[in-house]
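Here is a short note for your file, in numbered points. Please read it alongside the model.

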Amino acid sequence: MSVDAKANARFYADENAPICPLVVKEFFDALSDNEKRYAYHIGRASWIGARVILKQTTPYASDLYDLLRCVWSDKDGKLADLDALRKASGLDEQAWTHAQEYTAQVFGNLANFKSFGDIKIIPRVSEADLKKLVDASANKDKAAPLFDKVKEDIFSTTPAASTLLGFPDQGHVTHYYSSNVTQDDIKAVQSWADAKGVDQLNTRLWKRDDGSLELRVASAETKPEETVELDGGRKMHIVHGDYADEMKAVADELAAAIPYAANDTQKKMLEHYVKHFKTGSIPEYEASQREWVRDVGPTVESNIGFVETYRDPAGVRAEWEGFVAAVNQEQTRKFEKMVSRSPEFIPKLPWGKDFEKDKFMKPDFTSLEIISFATGGVPAGEFNTVFEDGFKNVSLGNVLNAKAPNEKITFLSDEDAALYDKLRGPAFEVQVGIHELLGHGTGKLFIVDADGKANFDKENPPINPLTKKPIESWYKAGETWGSVFKTISSSYEECRAECVAMYLACDKDMLAIFGHTDDSEEKADDVLYVSYLMMARAGLLALEHYDPAAKKWGQAHMQARYAILKCFLDAGEDFVKIDEVGDNDLRVTLDRSKILSVGKPAVGQFLLQQQVYKSTADAKAGHEMYNRMTAVPDAWISKHRNIVLDKKQPRKLLLQANMTKDGDKVGIKEYEATLPGFIQSYLERDI
């Protein structure tokens, strides 16, 4: 099958993607033997569960992953003799490199769709050359049938909708749903779940030949099928045992970690995890998260399970992830200052006390050095909230510090680019810290439960600061933020948290917590300027993740950053400008003298709208506002987006170490920052 290079340029695997190691050995070596054993078993559980990500993404991702493992490994599953493999395949240098680049990106994304953008990845190597590599491999007997099974899926880019993750009835690809499930089916199940108070994080939805639906629950154990009736009389069958093999192995590894837990809280957390993965019980998962939040100040931090709902087009079902990390105590002390002083910053947010939580639960906010993170795209921070019990935040230090060497900084003047390059690390640290703690951790949801009990005075409702009238809507029994705002909930919430970061980064007391003052080496005004400049540039770069044909955003965070750029532009007074430079370039400029007088007020008003609509469950107004702020004008599609795509930089590949176990002794193995080293790291994860 030939590949039309021009038509498919945006789908090709990146060339020369920088490989950035997550350096952690110093922190790992400082752990005690028991802490290393604890980390080992949780790390194994995390990576065993990573098989689930493949099964959630496309119907064929698992076969593709197995094919590439077979191609690049010897009979023992170790990295093959690459010189011999290349010689036997007859590939020239370019095809050989392209085959490795494609493999590394499929491994790193745990599918042939980008974890950051949800767009398909196709190889630059031809089908014929890839077949030569398959035939030359030591595992040809296994690889050849797999290649025949998935070769069409590897290279196909038609129809166009099939190159994006999304709803099946729109022609997109997903494996959260069978191909015959419609959006109406999903809504019918959601209505039932809302009424029953059922969380669907660890489920997938299938439609049977008779038209009935099948809700598949992830669990090691099976049990008799339960049949329920949806609105309209249609049947739905609840079936346990999805990903049964993975869930059993995950539960076994977590059980093996229990003897090495540092305290009773960790033991209880692991016990609840084990029950959850065995039975599929969401209450057991919620109990594990409560214990996780209560485990304040651990030396080894972790979290695992079905967590983020970004990749489910309905925003309901969660992707697998699991991490284990060593705590960076020195960096954590900086975050503890922000935690302790959070009550003085929350009242500065642009909504009154009626729209703020009755009691702010101070979180455990730590800086981590990742040992293992089993996911298709490692984030820079993690946030977890557990109802009334409080919440926990983590910042991932070695992810923040994993910079691509010699990265070209596009769309800025030389002067801005130099300052950006110098201060983007400190600016991003401020942004992530505020985003995770005060972004996700603030703002009240007005709720009336099934008994009519409200968390506000129904006789004298709070005044809506947008309408100046009493609020008229709230969350009813069984409703959640996600179930009410549905498809936009993930991106909308990321936008709200980013706006909190932009708003509070203007506060000099906040910047001082991070060590940035008028007298510091990294001056507060410069860090603030780079924070705003970084957001404006990110909003422009976000166009890469917008598909004009489908009118669909492929990445929640980038959609949010585009909305904030729109807010900057709408502020007027030439606060932010995007100008055409020559025939094929753009320049982002930001007037630093207007950050406090123009930028901050504009962000504050946008943030206020987001919070009011979220607090009052006003999904209609929220959708109208967010769709307006994330709409891309035709002129930008025809010009700006093409320039962004032309100047797109390859995304970093984060190279992780592997923990090893010899008897009771646990060690760590790091890899060379090369394509063979990256591929070897995944082969030796043995997932």
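1. Between domain 2 and domain 3 there are two residue pairs in polar contact, both at pLDDT 80 or more. The model is a predicted one, and that confidence level applies to both pairs. Salt bridges between domain 2 and domain 3 number zero.

2. On the side of domain 2 that touches domain 3, the residues divide by class into three nonpolar, three polar and one charged. The area buried between the two domains is about 670 Å². Carbon and sulfur atoms give 53% of that buried area.

3. The contact between domain 2 and domain 3 draws on seven residues from domain 2 and 10 residues from domain 3.

4. On the protein chain as a whole: its secondary structure comprises 23 helices and 17 strands. The radius of gyration is 25 Å, close to the 26 Å that the globule rule gives for 687 residues, so the chain is as compact as a globular protein of that length.

5. How far does the C-alpha trace of the protein chain span along its principal axes? The spans are about 75 × 65 × 55 Å.

Key: Residues numbered from 1 in each chain as written. Predicted model: local features only at pLDDT ≥ 70, side-chain atom pairs only at ≥ 80, totals over all residues. Heavy atoms only, no water. Contact = heavy atoms within 4.5 Å. Buried area = accessible area lost by both parts, 1.4 Å probe. Salt bridge = Lys/Arg side-chain N within 4 Å of Asp/Glu carboxyl O. Polar contact = N/O pair within 3.5 Å; in protein donor to acceptor, adjacent residues only side chain to side chain. Nonpolar A, V, L, I, M, F, W, Y, C, P; charged D, E, K, R; others polar. Helix = DSSP H or I, 4+ residues; strand = E, 2+ residues; numbered from the N terminus. Rg over C-alpha atoms; globule rule 2.2 N^0.38 Å.
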